[in-house]
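I'm opening my notebook for a look at side-chain contacts.

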Amino acid sequence: MRRYLMALALLLAACAPQATQAPEARPLLKETAFYPATTGLEWVYVPEGEALSSPPYRVRVEGPALYEGQEAVRFRSFGRGEDRVYYRQVGAFGVRLLGFQDPSARVVFTPPILEYPPEALLAVGYRWGGRVTVRVELLTPGGREPLAQGGLSYAMEVLEEREVRLPAGVFQVYRIRQVYQDERGQDAREVWFSPRVGEVRTREGRVLVEKNF
C-alpha cells in the first residue's frame, strides 16, 4: 500500500493500459501567458534520446473543471497507453497541482503542491517547497474506494537559466530540480521550463518536439 502511495504521489505511477489514438497538434493557436494554460494548447514529447519518429506523448489543455470542489484546469497527458488528467490552478500565485486521475486511481494533494511560484519569483537560486497530505482512492465500477493516505514533502530549486536546442526549437529555459520525499525515501527529478512555452523537458525525461501555439 505504501509503495503504491509513493509511486502515485511522486507522479511516477504506471497508468493502466488504454489504447490512445492522438491527432496531430493543430498549429497557430495564440498564447501569451507566462504559464500557458489556454484551452486547446498541446505539447508533443518523445523520451530523451529516442528517434523523432517514435510514438509520442501528448499533453493537452482540456479546459475548466472542478476537482474536489475547487475550480481547476484539466491537463490531459496521454500516449503509449497512458491516459491521465492533472488538475491545476494557474494564476498570480503560480501553478498549483490539486491532484490527478487515471483510469484506475484518483490522487488528491492537501494543500495543493506549488509546482511553480509567482512569475516574478522564478529566478536562478529561488527555492520553494512544502508538505502535503496525499489521499489515494481506487476507482471501481461502484465508485471510489479509499486505498491509502500519507504525508509527502517537496522541495524545488531553480538551478540555472540557459539556452537549449531541442527538436521543437531553441528555448531559454530555467532548469528546476524537484525533490519529493516520504517515509520511504526521496525521488529527485529535473524539469526545464521556458516562459510562455511550458515544459520543454518533463520530469519523466521527455523532450518537446512540437507544440500548436
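My entries on salt bridges, aromatic pairs and charges over rings follow.

**Ground rules.** I'm looking at a predicted model, where local features need pLDDT of at least 70, side-chain atom pairs count only at pLDDT 80 or more, and totals for chains, interfaces and linings use all residues. Residues are numbered from 1 along each chain as its sequence is written, and side-chain values use heavy atoms, with hydrogens and water left out.

**Salt bridges.** I looked up the total and got 22 salt bridges (a side-chain nitrogen of Lys or Arg within 4 Å of a carboxyl oxygen of Asp or Glu).

I picked Glu68 and Arg144, whose side chains meet at 3.4 Å, N to O. Glu68 is in the loop between strand S2 (57-67) and strand S3 (70-79), while Arg144 is in strand S8 (residues 143-166), so this pair ties together parts 76 residues apart in sequence. Strands here are DSSP runs of E, at least two residues, numbered from the N terminus.

Buried or exposed? I use under 20% relative accessible area for buried, over 50% for exposed, and partly exposed in between (1.4 Å probe, protein chains only). Glu68 is partly exposed at 34%, and Arg144 is partly exposed at 45%.

Arg144 also forms a salt bridge with Glu137, again with N and O 3.4 Å apart; Glu137 is buried at 11%. I then found Glu68, Arg106, Arg135, Glu137 and Arg144 linked in a network of salt bridges.

Next I checked Glu115 and Arg203, which form a salt bridge at 3.4 Å, N to O. Glu115 sits in strand S6 (residues 105-116) and Arg203 in the loop between strand S11 (198-201) and strand S12 (206-211), so parts 88 residues apart get tied together. Glu115 is buried at 2%, and Arg203 is buried at 5%.

**Rings.** I counted eleven aromatic pairs (rings of Phe, Tyr and Trp, its six-membered ring, with centres within 6.5 Å; planes under 30 degrees apart are stacked, over 60 edge-to-face, the rest tilted). Tyr67 and Tyr87 are stacked because their centres are 4.1 Å apart and their planes at 15 degrees. Tyr67 is in strand S2 and Tyr87 in strand S4 (residues 82-91), 20 residues apart. Tyr67 is buried at 1%, as is Tyr87 at 7%.

Tyr116 and Phe193 make a tilted pair, 4.9 Å centre to centre with 40 degrees between planes.

**Charge over ring.** Last, I found the charged end of Arg76 over the ring of Phe78, 4.0 Å from its centre (the rule: NZ of Lys or CZ of Arg within 6 Å of the ring centre and within 35 degrees of the ring normal).

Technical notes:
Helix = DSSP H or I, 4+ residues; strand = E, 2+ residues; numbered from the N terminus.
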